[in-house]
Amino acid sequence: LHSFTEQGAGLPVIAGSLMEESMVVFLLTAAAGIAGTSLVRGRVHRKAAARGVGRQTRISDFSRDAMKGITGSRRMPLAVRVAATCLLAALVQPLAAQSAGLDSLWQAYVDDLAGENLQRGCNPVRIDPPPATARLGVALLYHGFAACPQEWFGIAELLSANGYTVLLPVLPGHGREYRYLEEGENPADGLPDSENWQDTYAALAVRLNTVMANASGERVIGGFSLGGAMAIYAQLDAPDLYERALLVAPFFHVAGGPVVRYLTTVLAETPTIDQMQVRFGPLARTCTERQRAGWAGLCTYQLEHFAGIRAFAENNERLLAEKALQPAVQIVVGEDDPVVSVDHIDMLTVRHDGKPDLHSCLLDEDAPHVLLSPEENPGEEMPWLPGLTRGAVDFLAHGQFFPTIAADNRREGLTRRCRL
């Protein structure tokens, strides 16, 4: 090595000069190392198979076993072993760097929120798979308006157990802790409006797309309500980034028909009226009762904040008129959702009628808007939740669409019912 480097040749040059003659030796020796270590571990694998536990080969397994083959071979000349080691490092280094990039970028996002005094259940969360679980990819899940990452906790835990690192961000302006407010402050004061949605909702989607671009393995995304709009924007911003997208009751507009939607939009953009307080009411409970039951989120907001999410969703509609969603998509919504416009979701499915990997299905008529967590429905039976949770995990982790049956309705796109 010293003789090479004294003549001005770096390690890549050394590796290149030796590679042509050594490639066959390297591959055979690496294969021998894999075979030898597999024999040693064969008994463990057979026991795992007897228990029905599958094991996926990962790049870390290959690199470790190949390195054993290289360094443990006495027949391979030292210079050849060095060259082979350089080659293996060059193959593995980009994947390690990619993982490190995700770690640092996500941590930077979390650090930026350190002084926000967020409620418990509203801080951004990362859930990694258990140590013995093969890592398949990374999932990014956006919560809904006035809610928090807590909405996804149940599904996120199961996704993690299936081999996915799960990232649960908090939407801009959401989740402020009531206890730390000064007199006259409203916890919803930081929510985006129609003037700054690009610098908040859209900017967060772009930033977290950068985080996900550094993820190894499969990349999947999900969103509920406003979070569904976030997931749509993220896909349109980076069409080739995600393999699968789960959209649960994605927000385009409010329920209630054209007249209600028009009036709501006009009022939300009318000076003075846009400051009117609105009580968040999918549940017939006071905020205190829900928070006492463990719910995290905001109980009130102003009409101008609705104008912000409507402007964001309207921008999605303009983009969807020009672009199509690229990943495999599963849409789920209640047939009579009391909050979001099912008509607009129906139009989305019609617009993608020629896309074979976009599936959609309806939940029963009595399903509420808030579907994902017991904390949002304290004391209520949630017969749909086990099936919805199982279907969400099967789709995001394994690409299995929700099972469905025909729905007896007059819609053009949402013609199937979820069979939970």
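This is a predicted model: local features need pLDDT of at least 70, side-chain atom pairs count only at pLDDT 80 or more; totals for chains, interfaces and linings use all residues.
**Val248**

Leaving out residues up to four places away in sequence, Val248 touches Trp152, Gly223, Phe224, Ser225, Val332, Leu371 and Leu372. I place Val248 in strand β5, which covers residues 244-248. Is Val248 buried or exposed? Its relative accessible area is 1%, so I note Val248 as buried, the cut-off for that being under 20%. I also checked one C-alpha distance: Val248 and Gln330 are 82 residues apart along the chain, and their C-alpha atoms are separated by 8.3 Å.

**Lys355**

Next I went to Lys355, in the loop between α11 (342-351) and β9. Buried or exposed, for this lysine, Lys355? I find a relative accessible area of 13% for Lys355. With residues up to four places away in sequence not counted, Lys355 has contacts to Leu325, Gln326, Pro327 and Val329.

**Disulfides**

How many disulfides does a search of the whole structure find? I count two.

I took Cys122 and Cys148 to start with; their sulfur atoms are 1.9 Å apart and they form a disulfide. The cut-off for a disulfide is sulfur atoms within 2.5 Å. About the S-S bond I read 80°, and the link of Cys122 and Cys148 is right-handed. This pair links distant parts of the chain, 26 residues apart. Cys122 sits in the loop between α4 (78-112) and β1 (125-127), and Cys148 in the loop between β2 (137-142) and α5. I then looked up the burial of each partner. Cys122 has a relative accessible area of 0% and is buried. Cys148 is buried too, with a relative accessible area of 1%.

The other entry is Cys361 with Cys418, joined by a disulfide with an S to S distance of 2.0 Å. Why is this disulfide of Cys361 and Cys418 right-handed? The torsion about its S-S bond is about 90°, so I record it as right-handed. Here too the pair links distant parts of the chain: Cys361 lies in strand β9 (residues 358-363) and Cys418 in strand β11 (residues 416-418), 57 residues apart. I find both Cys361 and Cys418 buried.

**Helices α5 and α12**

I turned to helix α5 (residues 153-161) and helix α12 (residues 385-398), whose axes come within 10 Å and cross at roughly 45°. That angle makes α5 oblique to α12. The crossing in which α5 passes α12 is right-handed. Which residues meet in this contact of α5 and α12? From α5 I list Ile155, Leu158 and Leu159; from α12, Thr389, Ala392, Val393, Leu396 and Ala397. I sorted the residues of this contact by type and got seven nonpolar, one polar and no charged.

**Helices α7 and α10**

I record the crossing of α7 and α10 as left-handed. On the α7 side the contact has Leu226, Ala229, Met230, Ile232, Tyr233 and Leu236. On the α10 side I list Ile309, Phe312, Asn315, Asn316, Leu319 and Leu320. The residues of this contact of α7 with α10 divide into 10 nonpolar, two polar and no charged.

Notes: Residues are numbered from 1 along each chain as its sequence is written. Side-chain values use heavy atoms; hydrogens and water are left out. Axes are lines fitted to C-alpha atoms, for helices over the stretch in contact, and angles run from 0 to 180 degrees between N-to-C directions. Helices (H or I, at least four residues) and strands (E, at least two) are DSSP runs, numbered from the N terminus. Angles under 35 degrees count as roughly parallel, over 145 as roughly antiparallel, 65 to 115 as roughly perpendicular and the rest as oblique. A crossing is left-handed if the near helix is turned anticlockwise from the far one by less than a right angle, and right-handed if clockwise. Contact means heavy atoms within 4.5 Å. Ala, Val, Leu, Ile, Met, Phe, Trp, Tyr, Cys and Pro count as nonpolar, Asp, Glu, Lys and Arg as charged, and the others, Gly among them, as polar. Buried means under 20% relative accessible area, exposed over 50%, partly exposed in between (1.4 Å probe, protein chains only).
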